[in-house]
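I opened this entry to record what I looked up in one chain. The notes follow in the order I made them.

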Amino acid sequence: MTNNFTRINRRTVLGGIAVSAVGGITGAWAAAPALPAAPVLITVMDVGGALALMQPAFEEYAKTYPERASRIVFTKAPVTELAGKLKAQQAAKSVDIDVVLTGSDGLAAGLANETWMKILPDFADKLPGLEENYEPAALALHKAQGQGFGVVVNYYPSGPLIEYDPERVKQVPTTAEELLAYAKANPGRFMYARPTNSGPGRTFMMGLPYLLGDKDPHDPVNGWEKTWAYLTEIGQYIDYYPAGTGATMKEFGEGSRDIIISTTGWDINPRALGIVPETAKIGTLKGFHWVSDAFFMCMPNGIANDKVAVVLDLMAFLLTPKAQAYAYDEGYLYPGPAVKNVPISMAPQHSQDVIKEFGRPEYADLIANNPIELPLKPDQMVLAFRKWDELVGSQKKAQ
């Protein structure tokens, strides 16, 4: 999910405005503040790509409730800059970001830096029926990953999938061992991106313990002996690790890579945009487990109370079926909706057309008949990123 490539014909509003911070709500079970008497400007920062799906829903909120939000301003930043940027603003008591849209990587970094305001159960009254409305896998992510600081807004089973060109790959790997053999026989033709800043890269790293039968898939320090050995070995045949998934898609589309790591959304959307050939195929490896992923909505500590009230109201709006239907988008996070009862028929016609043309019928079977695992908990994910950088990424020059 993270570090998505530049999307074609995607309207993005850039900007920012300084907000005088008067301190966020603190204390357990605090009552949510009342909506302000006058509309406020809300600034949204996206560090994972969620605006590609949800910006129309944000804009619909502003249109529907002008008495609450005078305007919503959108900004983007690399996830690697998020924690430091917010920490500096909070230290200066000048937080000018009201909502952060992030994947599990940015959520984890913010938790490690005590960046986020506690949302649940403190403000549960503003998000009624939240758990009952989530899809089961989205609810599991919300509980395990969000930990009350992040609210799942979009969800997908993710991957890891391999994506390959059938014209260039005649013997498709069906096991992790066969993928390693392919990489060894075809140096430089396999690629994945740095896990810290790539949804598919992160999912591949977390999916390998299941594929390899490692001791504990949820303990990257003491339970991933086979995984770290495998990643180190296959890394000998990888030219470099891009900083984001978009580069892998571009190089695959241009023909300089034959097999890359993908997810459902990263398979559908680049083909819909013409970055990857429509003829590209996907596959799974023996022992495949989905490792789910999501986008979260977070509130930084230090935002003004009137902003807190509007952001909570906005979050509730974004979790309605009508708003969630936008998440089908162009397949970027397929399927996308985090709540129940949001069929594709509710999505805009363009989204329906894209999914019909570029979706894959085998996804329904793969989702229904393979385990869907939780990603690492935020603290363990931080440890896994650090260990990957030390053991694997450090063996290649930065690109």
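I noted at the start that the model is predicted.

**Cores.** I looked up the largest nonpolar core and found that it has 78 residues. Phe58, Ile72, Tyr134, Val151, Val152, Met299 and Leu318 touch the most other members. I then listed the contacts of valine 151, leaving out neighbours within four places in sequence. Ile119, Leu120, Leu127, Leu130, Tyr134 and His142 are among them, and the list also includes Phe295, Phe296, Met297, Met315 and Leu319. Another core, of 46 residues, lies apart from the largest one; Val169, Leu180, Leu285 and Phe385 are among its residues.

**Helix α1.** I checked the length of α1, residues 51-64. At 1.5 Å a residue its 14 residues should span 20 Å, and the end C-alpha atoms are 19 Å apart, so the two values agree. I also looked at burial: 10 of the 14 residues in α1 are buried. Phe58 is one of these, and the buried set also includes Leu51, Met54, Gln55, Glu60 and Tyr61.

**Sheet.** I traced an open sheet of 4 strands in the order β6-β7-β5-β8, with mixed pairing. β6 (190-191) and β8 (281-283) are the edge strands; each has a single partner, so one side of each has no neighbour in the sheet. I found β6 running parallel to β7 (residues 259-262), joined to β7 by 2 bridges. Methionine 191 stands opposite isoleucine 260 in β7. Last, I looked at helix α9 (residues 245-254), which lies across β5 (161-164), β6 and β7. Helix α9 runs at about 145° to β7.

Definitions and conventions:
Residues are numbered from 1 along each chain as its sequence is written. This is a predicted model: local features need pLDDT of at least 70, side-chain atom pairs count only at pLDDT 80 or more; totals for chains, interfaces and linings use all residues. Side-chain values use heavy atoms; hydrogens and water are left out. A nonpolar core is a set of buried Ala, Val, Leu, Ile, Met, Phe, Trp, Tyr and Cys residues joined through side-chain atoms within 4.5 Å. Buried means under 20% relative accessible area, exposed over 50%, partly exposed in between (1.4 Å probe, protein chains only). Contact means heavy atoms within 4.5 Å. The expected span of a helix is 1.5 Å times one less than its number of residues. Two strands pair if DSSP finds at least two bridges between them. Axes are lines fitted to C-alpha atoms, for helices over the stretch in contact, and angles run from 0 to 180 degrees between N-to-C directions.
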